[in-house]
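Subject: Structure for your review

Dear colleague,

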Amino acid sequence: MFGYIVVNQQEMKFKEFVIEFEKGNRPELNEGQINCFFRYSCEYGHLNMAKWLWEISDSSINIHANNESTFSISCINGNLSIAKWLWE
């Protein structure tokens, strides 16, 4: 359904989050989940989700962490709309 290979528990939680998000539910998240799910959202091409996570984080997400890895993985995976948004 998602085309993801779940390699750890965080990815499994992200998969569950995607299902809830697509249903219109906005579950409460802690700061660590917001940061992690933001990276996954960018990696897997969920632009609206990434924007929502950015908004609820009060811009506390460091999009430049780990040598711009969020931007890089967005480009590598062909998620150019996300890469463009991150660049702005």
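What follows is a summary of what was found in this structure, which is a predicted model.

I begin with helix 2, which covers residues 31-44. Helix 2 has 14 residues and spans 20 Å from its first C-alpha to its last, close to the 20 Å expected at 1.5 Å a residue. At its start, a side-chain oxygen of N30 comes to within 3.0 Å of the backbone nitrogen of G32, and after the helix comes G45, with a positive phi near 85°. The buried residues of helix 2 are Q33, I34, C36, F37, F38, Y40, S41 and C42, and among the elements that cover them are helix 1 (9-22), helix 3 (47-56), helix 4 (65-76) and helix 5.

The packing of helix 2 against helix 5 (residues 80-87) may interest you in particular. Two packed helices are described by the angle between their axes and the distance between the axes. Here the axes come within 8 Å and cross at roughly 130°, and helix 2 and helix 5 are therefore oblique to each other. On the side of helix 2 the contact is made by F38, S41 and C42, which meet I82, W85 and L86 of helix 5; by type, the residues of this contact divide into 5 nonpolar, 1 polar and no charged.

In helix 3, the buried residues include L47, M49, A50, W52 and L53, and the cover over the buried residues of this helix includes helix 1, helix 2 and helix 5. Just after helix 3, D58 adopts a positive phi of about 55°.

Helix 4 holds T70, which counts as buried because its relative accessibility is 4%, under the 20% cut-off. Leaving aside neighbours within four places in sequence, T70 is in contact with F38, R39, C42, I63 and L86.

Most residues other than glycine have a negative phi.

With kind regards

Definitions and conventions: Residues numbered from 1 in each chain as written. Predicted model: local features only at pLDDT ≥ 70, side-chain atom pairs only at ≥ 80, totals over all residues. Heavy atoms only, no water. Axes fitted to C-alpha atoms, helices over the stretch in contact; angles between N-to-C directions. Helix = DSSP H or I, 4+ residues; strand = E, 2+ residues; numbered from the N terminus. Parallel < 35°, antiparallel > 145°, perpendicular 65-115°, else oblique. Contact = heavy atoms within 4.5 Å. Nonpolar A, V, L, I, M, F, W, Y, C, P; charged D, E, K, R; others polar. Expected span 1.5 Å × (residues − 1). Buried < 20%, exposed > 50% of the residue type's maximum accessible area, 1.4 Å probe, protein only. Polar contact = N/O pair within 3.5 Å; in protein donor to acceptor, adjacent residues only side chain to side chain.
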